[in-house]
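Look over the model first, then read on.

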Amino acid sequence: MPPANDARWLAAAAALAERARPVASPNPGVGALILRDGRVVGRGWTEAGGRPHAEAVALAEAGDEARGATLYVTLEPCAHVSARGPACADLIVAAEVARVVIGMADPDPRTCGKGAARLREAGIAVTETHSSAAAMGLEGHACALSLGRPHVTLKLALSLDGCIATAQGESRWITGEAARAHCHRERARADAILVGGTTLRTDNPRLDVRLPGLEDRSPSRWALTSGEVPAGWQKLASPADIPAMDGVRYLFVEGGAATAASFLRADLVDRLLIYRAPILIGGGLPAIADIGLGSLAHAHGRWTFAGSRQLGSDRLEVYARARNEGI
């Protein structure tokens with residue numbers, strides 16, 4: 001397969017990886033495709049519980065057709081032997097794959113660079129690239145290993161004038177059905193969802209996933225509070241405590257204004273999802289409380305536009321935190 005098509009097939013592998021998120025925990029959700037003579041002969045994604053890995057699934061499906069083929073994989077194949085299964089680099093060598101295209105180097109020190117090196121030592125052509133599509137699906141893995149905490153998405157549903165509710169606290173519903181369905185899709189991609197204690201006590205939110213076929217993907221429920229929480233909930237005393245959220249690599253923060261501000265003030269938000277409804281409230285409750293900004297100059301250069309889309313009458317805007325760590 002010509003290298004000019006690498007980005008296209010890595011994006012296809014990244015789409016497969018979405019099926020593994022977040023059920024692949026504690027392993028990252030990886031996608032893999034095997035191409036031979038322009039045909040997909042094998043595909044796979046990390047299975048529930050983290051095993052088997054995407055490459056193992058794709059190789060098993062391809063069988064003998066993997067020999068001489070090209071493997072596209074979103075994350076560098078693992079190089080360490082585990083009690084739960086063999087190293088994927090060894091499986092690829094044994095299958096006599098001709099070429100491997102890697103979407104992102106693995107930050108895990110057990111594999112970082114070693115997986116690609118093992119393939120090259122066996123005479124396999126290896127192309128390492130930084131695929132934005134692959135990296136987007138592995139943000140939780142990168143955050144866990146590079147920053148020691150979950151990847152945090154802050155969701156805001158607001159009016160054109162930046163309100164999340166009327167002055168009396170009415171907030172259902174600011175956005176329409178399409179935007180709310182998209183939000184439920186985002187919930188399904190998270191390991192945990194969090195609201196503030198005031199939101200918990202005032203709204204008694206369900207925080208589940210109500211999309212047909214994805215109901216079992218509802219994330220664990222957390223509240224940012226020092227008080228008690230209902231059965232089935234867990235509590236977080238401070239945003240600084242998120243590294244201790246066991247098994248959580250993707251955290252979805254839904255509000256309210258004080259909770260949003262506390263995560264922003266601590267610089268713990270990696271991604272913003274802003275659902276903007278075409279309404280004006282005027283004098284309503286602001287989306288975010290004080291974040292401790294000392295100067296307007298400090299507000300610039302912190303966020304990069306990552307995309308937008310129309311959801312019915314509402315508009316979704318996505319922004320990523322600009323960080324030197326590359327996460």
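## Buried side chains and a helix face

The side chain of His 184 comes to 3.3 Å from the backbone oxygen of Asp 208. Keep in mind that this model is predicted. His 184 lies in helix 7, residues 177-188. Is His 184 buried or exposed? Its relative accessibility is 10%, so His 184 counts as buried.

Which residues does His 184 touch, leaving aside those up to four places away in sequence? They are Asp 208, Val 209, Arg 210 and Leu 211. Leu 211 is 27 residues from His 184 along the chain, yet their C-alpha atoms are separated by 6.8 Å.

Arg 321 is a second case. It sits in strand 15, residues 314-321. Arg 321 is buried, with a relative accessible area of 11%. Its side chain makes a polar contact with the side chain of Asp 267 at 2.9 Å.

The two side-chain distances are set out here.

| Side chain | Partner | Distance |
|---|---|---|
| Arg 321 | Asp 267, side chain | 2.9 Å |

Now helix 4. It spans residues 114-121, and its buried residues are Gly 115, Ala 116 and Leu 119. These cover an arc of only 95 degrees around the axis, so they lie on the same side of helix 4. What covers them? The cover includes helix 3 (88-95), strand 4 (99-102) and strand 5 (125-128). After helix 4 comes Gly 123, with a positive phi near 90 degrees.

Methods. Residues are numbered from 1 along each chain as its sequence is written. This is a predicted model: local features need pLDDT of at least 70, side-chain atom pairs count only at pLDDT 80 or more; totals for chains, interfaces and linings use all residues. Side-chain values use heavy atoms; hydrogens and water are left out. Helices (H or I, at least four residues) and strands (E, at least two) are DSSP runs, numbered from the N terminus. Buried means under 20% relative accessible area, exposed over 50%, partly exposed in between (1.4 Å probe, protein chains only). A polar contact is a pair of N or O atoms within 3.5 Å; within protein, one must be able to donate a hydrogen and the other to accept it, and residues adjacent in sequence count only if both atoms are side-chain atoms. Contact means heavy atoms within 4.5 Å. The arc is that of the directions from the helix axis to the C-beta atoms.
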